[in-house]
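Dear colleague,

Please find below the structure that I am handing over to you. My notes on helix packing and on the ligand site follow it.

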Amino acid sequence: MIETREPVLTLESIRKNYRRREALRGISLKLYPGELLGFFGPNGAGKTTMIRCICGLLRPDSGRIVVQIPTESSSPKSQRPGLVPQNLAVYPDLTVQQNLEVFGRLEGVPWKQLRTRIDEVLEWAALLERRKSLAKTLSGGMQRRLNIACSVLQKPAILLLDEPTVGVDPQSRERIYAMMEELTQQGTAVLLTTHQLEEVETRCDRIVVMDHGTIVADGRLPELVEQSIGKPHRVELSFERPCAGPLAGFDLDESGTRATCRMESMQQLPQILDVLRHLEQAPESIDVRSFGLQDVFLALTGRSLRE
Ligand code: ATP
């Protein structure tokens, strides 16, 4: 697909070493307004280092980072990316309101606008009723939402979140993704890192897979599956005894007890399974599955994510 939009963030060949350890080995990437980009990769892949480079906490050894705010953008304005770090960064002994006031002032939001802005983000984060509570008395999920609220007061055009759902209850996780959706609808570009396969597969518009400091895949999940694996669904039949009969469309393994077939669409399943009607022995098991990010990672790196 030819991309016609202008990126809000461009990374060109970013490299970063920690002494002799190569954390980023030439990362190039574009992030577009209004998209939710999921950065996915095993421990140590370089996700946090990349986020720290984008928001200026680390200086890359080489490469270029360009932030370009869309001129027609009506809502997000600030060129400085909002950051929600991996570890909670709120003041536990201040109230929710006080935390927002401190972060708002640090971000340079004018005092006159800050009151209204705080009301807006409290509603957005579903924390209006807790504005007078000390941060330390909130649940983990609420503290995370407060942390996120603190990072958007200046309406950043780019929001970076490092593992925003770790240690968060399912209800807050839903709320956090609803918050992200509202932001992307307003044109904010959201980049988050996560270890959670299911989250990145189902919630993100685009997925970037990192491994050992490089990007090994970048695209929507169906594209990644197609590029690295091919047809996205698989049917596997297991037989107790070697299968003698004709199994049109299936590949039979050497033992003759395992047959596999790839499908473009699940709608092909009834037609594919029709071959079973002509077999002498029924299969012991039938396994139908769709390939996901786990399989993409395995196909691209030769390693399982759990290794
Ligand atoms: P995780 O998912 O565990 O947070 P990550 O993908 O965010 O991992 P990074 O934290 O960016 O990965 O680390 C990339 C590599 O750089 C790792 O090998 C890590 O050990 C190393 N590293 C990170 N920070 C430092 C540091 N301050 N000094 C030395 N090495 C570091």
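Helix H7 (residues 221-228) packs with helix H9 (residues 293-301) at an angle of about 35°, their axes being 9 Å apart. Axes here are lines fitted to C-alpha atoms, for helices over the stretch in contact, and angles run from 0 to 180 degrees between N-to-C directions. Helices are DSSP runs (H or I, at least four residues), numbered from the N terminus. The crossing of H7 past H9 is left-handed (near helix turned anticlockwise from the far one by less than a right angle; clockwise is right-handed). Leu221, Leu224, Val225 and Ser228 of H7 make the contact with Leu293, Val296, Ala299 and Leu300 of H9, where contact means heavy atoms within 4.5 Å. Seven of these residues are nonpolar, one is polar and none is charged (Ala, Val, Leu, Ile, Met, Phe, Trp, Tyr, Cys and Pro count as nonpolar, Asp, Glu, Lys and Arg as charged, and the others, Gly among them, as polar).

Please note that this is a predicted model, in which local features need pLDDT of at least 70 and side-chain atom pairs count only at pLDDT 80 or more, while totals for chains, interfaces and linings use all residues. Residues are numbered from 1 along each chain as its sequence is written, and side-chain values use heavy atoms, with hydrogens and water left out.

The axes of helix H4 (residues 140-151) and helix H5 (residues 170-185) come within 9 Å and cross at roughly 15°. H4 is therefore roughly parallel to H5 (angles under 35 degrees; over 145 is roughly antiparallel, 65 to 115 roughly perpendicular and the rest oblique). This crossing of H4 and H5 is right-handed. On H4 the contact involves Gly141, Met142, Arg144, Arg145 and Ile148, and on H5 Ser172, Arg175, Ile176, Met179 and Met180. By class, the contact of H4 with H5 has five nonpolar, two polar and three charged residues.

For helix H2 (residues 96-106) and helix H3 (residues 111-124), the axes come within 10 Å and cross at roughly 130°, which means that H2 is oblique to H3. H2 passes H3 in a right-handed crossing.

Polar contacts are pairs of N or O atoms within 3.5 Å. A side-chain N or O atom of Lys47 is 2.9 Å from an oxygen atom of the ligand. A backbone N or O atom of Gly46 also lies 2.9 Å from a ligand oxygen atom, and a polar backbone atom of Ala45 is 3.1 Å from one.

Note on methods: Helix = DSSP H or I, 4+ residues; strand = E, 2+ residues; numbered from the N terminus. Polar contact = N/O pair within 3.5 Å; in protein donor to acceptor, adjacent residues only side chain to side chain.
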